[in-house]
Amino acid sequence: MLVRLPGVYPAQHDSRALAEALKKETLGPDTRVLDLCAGSGILSVCATEAGAGWVTAVDVSRRALATTWINARLHRRSVRVVRGDLTEPVRGERFDLVVSNPPYVPAEDDPVPVSGVARCWDAGTDGRALLDRICLQAPDVLKVGGVLLIVQSALSGIEKSQTMLEERGLRVRVVSRVEVPFGPVLAARRDMLAARGVIDRGQRNEELVVLRAVT
């Protein structure tokens, strides 16, 4: 059970797909995990339950960090919560595992919201405002042999994520695919996305993909 303060992204299909991938990693008391875009803290809690000894959750939202802290306490787990922009607050640290469920929904405009619930999902017109930055930044906070697990929609360019990570020297593969119905946000943007050629007319499902990248 997870609590969630108003305005915090709820654990959904993407969160669960990433949590299942996380559970397949070998984690121990010395494993250091970084949860980027922590949201409700589901992945931070999952990492501690899977055996990780050190978990850091980062988010720009104070409510998300409060929610993560509350959920960690409710599950009697220790999670360090840090407010900041992606890897900026942990620059200089190194982690064995980085997990991220960032905003990736294509939006009407490029500017990313700085407040309000829409910043939980809006990620620019191509959905890559956060994905591109994570692909560039995550390798710098990974130890040698470290792993990045990231979930995104196929609507936001899986191949681009793979290419960007490979250009940083990581070995990348898809470890999970799941097709899910459009949620309320995508359903409301169906005509816009069809007009852009991102989806087919009448399309009602999207594919969620978990990428595993190793340094």
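What covers the buried residues of H3? In this predicted model, the cover includes helix H2 (42-49), strand S2 (54-59) and strand S3 (80-83).

Start with the helix itself. H3 spans residues 62-74, 13 residues in total. From first C-alpha to last it reaches 18 Å, close to the 18 Å expected at 1.5 Å a residue. Its buried residues are Ala 64, Leu 65, Thr 67, Thr 68, Asn 71 and Ala 72. Seen down the helix axis, these fall within an arc of 160 degrees, so they line one face of H3. An α-helix has 3.6 residues a turn, so residues three or four places apart point the same way. The face turned away from the buried side carries the exposed residues Arg 62, Arg 73 and Leu 74.

Now look at the ends. Ser 61 caps the N-terminal end of H3. A side-chain oxygen of Ser 61 lies 3.3 Å from the backbone nitrogen of Arg 63. After the helix comes Arg 76, whose phi is positive, near 55 degrees.

Turn next to the charged pairs. The structure holds 12 salt bridges. One of them joins the side chains of Arg 133 and Asp 85, at 2.7 Å from N to O. Arg 133 sits in helix H4 (residues 131-137), while Asp 85 belongs to the loop between S3 and strand S4 (95-100), so the pair ties together parts that are 48 residues apart in sequence. How accessible are the two partners? Arg 133 counts as partly exposed, at 29% relative accessibility. Asp 85 is also partly exposed, with a relative accessible area of 35%.

Another salt bridge links Arg 168 and Asp 140, at 2.8 Å from N to O. This pair, too, connects distant parts of the chain, 28 residues apart. Arg 168 lies in the loop between helix H5 (158-167) and strand S6 (171-181). Asp 140 lies in the loop between H4 and strand S5 (142-153). Both count as partly exposed: Arg 168 at 32% relative accessibility, Asp 140 at 41%. Some salt bridges share partners, and these join Arg 32, Arg 80 and Glu 93 into one network.

Glu 88 and Arg 91 form a salt bridge as well, their closest N and O atoms being 2.6 Å apart. Glu 88 is partly exposed, with a relative accessible area of 44%. Arg 91 counts as exposed because its relative accessibility is 66%, over the 50% cut-off.

The nonpolar interior comes last. In soluble globular proteins, nonpolar side chains tend to be buried together. Here the largest nonpolar core has 37 residues. Which residues have the most contacts inside it? They are Leu 34, Val 98, Leu 148 and Leu 165. Strand S1 (32-36), S4, H4, S5, H5, S6, helix H7 (190-196) and strand S7 (205-214) each supply at least two residues of this core. S7 gives the most, with four residues.

Val 98 shows how the packing is built. Leaving out residues up to four places away in sequence, Val 98 touches Leu 34, Leu 36, Val 141, Leu 142, Val 147, Leu 148 and Leu 149.

Definitions and conventions: Residues are numbered from 1 along each chain as its sequence is written. This is a predicted model: local features need pLDDT of at least 70, side-chain atom pairs count only at pLDDT 80 or more; totals for chains, interfaces and linings use all residues. Side-chain values use heavy atoms; hydrogens and water are left out. The expected span of a helix is 1.5 Å times one less than its number of residues. Buried means under 20% relative accessible area, exposed over 50%, partly exposed in between (1.4 Å probe, protein chains only). The arc is that of the directions from the helix axis to the C-beta atoms. Contact means heavy atoms within 4.5 Å. A polar contact is a pair of N or O atoms within 3.5 Å; within protein, one must be able to donate a hydrogen and the other to accept it, and residues adjacent in sequence count only if both atoms are side-chain atoms. A salt bridge is a side-chain nitrogen of Lys or Arg within 4 Å of a carboxyl oxygen of Asp or Glu. A nonpolar core is a set of buried Ala, Val, Leu, Ile, Met, Phe, Trp, Tyr and Cys residues joined through side-chain atoms within 4.5 Å.
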